[in-house]
Amino acid sequence: MGENIRLPGLDPGKLDSRQKALYDKIISGFGHSKTPHKWIDEDGILLGPFNAMLYYPHLGEALYSLQLKIVQQDIVPRDIFELAVLTTVSRCKAAYGIYAHILLGLDCGLNDDIVSAISGNDIPSNLDEKQSAAYRLAFALCEGPLPDAIYKEAYMHFGEEGCGTLIYAIGLFRLIATLLNAFDEPVPL
């Protein structure tokens, strides 16, 4: 992280009406779920991408709604979803995203070796066929145009809806990684 905090955490008591409405929406959406990572501090200040969303609520509202919809999907198994997201944020070098999705990946059953390899931008050696398809899909999309063979592999393993869901998730988390990097969002201590 740089020397200056680009977007200092916003005090919930000092939010304008649009920020407060988004804050309340985020709290109601994530506040009831048990997550292994820290996304809100002890003073109620939102962390990670949520902090950036509050600074620009006219865009943050749309991004949050999309994020909630994609994260709450039940088409792709959670471990496959988290593997693809961790690959994406790791390829983008988004520190807060890597922190959060290491913990989320472990929480949903990915093993330490896989999580360590992906978060270190190494190729994991012990993936099953579905995990490999998700990893290759995310990796390829972070590099540029998607080769047809990788698309077909993902389609074969996850079907049309599952493949599309993963592609949307990868795209979403590339955007979130961009925000985390641009605003230099820190990893909580």
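## Surface and overall form

The protein chain exposes about 9600 Å², and carbon and sulfur atoms supply 54% of that area. The model described here is a predicted one. Of the 189 residues in the protein chain, 46% are buried.

Taken along the principal axes, the box filled by the C-alpha atoms of the protein chain is roughly 50 × 30 × 30 Å. The radius of gyration of the protein chain is 17 Å, which agrees with the value near 16 Å that a compact globule of 189 residues would have.

## Secondary structure and contacts along the chain

The protein chain contains eight helices and zero strands. Read from the N terminus on, its elements follow the order α-α-α-α-α-α-α-α.

Contacts within the protein chain can also be sorted by distance in sequence. Among those with a separation of 6 or more, 68% are between residues 24 or more positions apart.

## The pairing of helices α4 and α8

Helix α4 covers residues 78-91 and helix α8 covers residues 148-182; their axes come within 9 Å and cross at roughly 35 degrees. The crossing in which α4 passes α8 is right-handed.

On the α4 side, the contact is made by Ile80, Phe81, Ala84, Val85, Thr88 and Val89. On the α8 side, Phe158, Leu166, Ala169, Ile170, Phe173, Arg174 and Ala177 take part. The residues of this contact divide into eleven nonpolar, one polar and one charged. Under this division, Thr88 counts as polar and Arg174 as charged.

## Ser90, a residue of helix α4

Ser90 is located in helix α4. Its relative accessible area is 1%; because a residue counts as buried under 20%, Ser90 is classed as buried.

When residues up to four places away in sequence are not counted, Ser90 touches Ile98, Ile118, Ser119 and Asn121.

## Pro188, beyond helix α8

Pro188 lies in the segment after α8. Its neighbours within four places in sequence left aside, Pro188 is in contact with Lys38, Leu47, Tyr96 and Tyr99.

Pro188 and Ile150 are 38 residues apart along the chain, and their C-alpha atoms are separated by 35 Å.

## Summary

The predicted model is built from eight helices and zero strands. Within it, α4 and α8 meet in a right-handed crossing, and the contact of α4 with α8 includes eleven nonpolar residues. Ser90 is buried, and Pro188 is in contact with residues including Lys38 and Tyr99.

Notes: Residues numbered from 1 in each chain as written. Predicted model: local features only at pLDDT ≥ 70, side-chain atom pairs only at ≥ 80, totals over all residues. Heavy atoms only, no water. Axes fitted to C-alpha atoms, helices over the stretch in contact; angles between N-to-C directions. Helix = DSSP H or I, 4+ residues; strand = E, 2+ residues; numbered from the N terminus. Left-handed = near helix turned anticlockwise from the far one by under 90°. Contact = heavy atoms within 4.5 Å. Rg over C-alpha atoms; globule rule 2.2 N^0.38 Å. Buried < 20%, exposed > 50% of the residue type's maximum accessible area, 1.4 Å probe, protein only. Areas by Shrake-Rupley, 256 points an atom, 1.4 Å probe, with all protein chains shown as cover.
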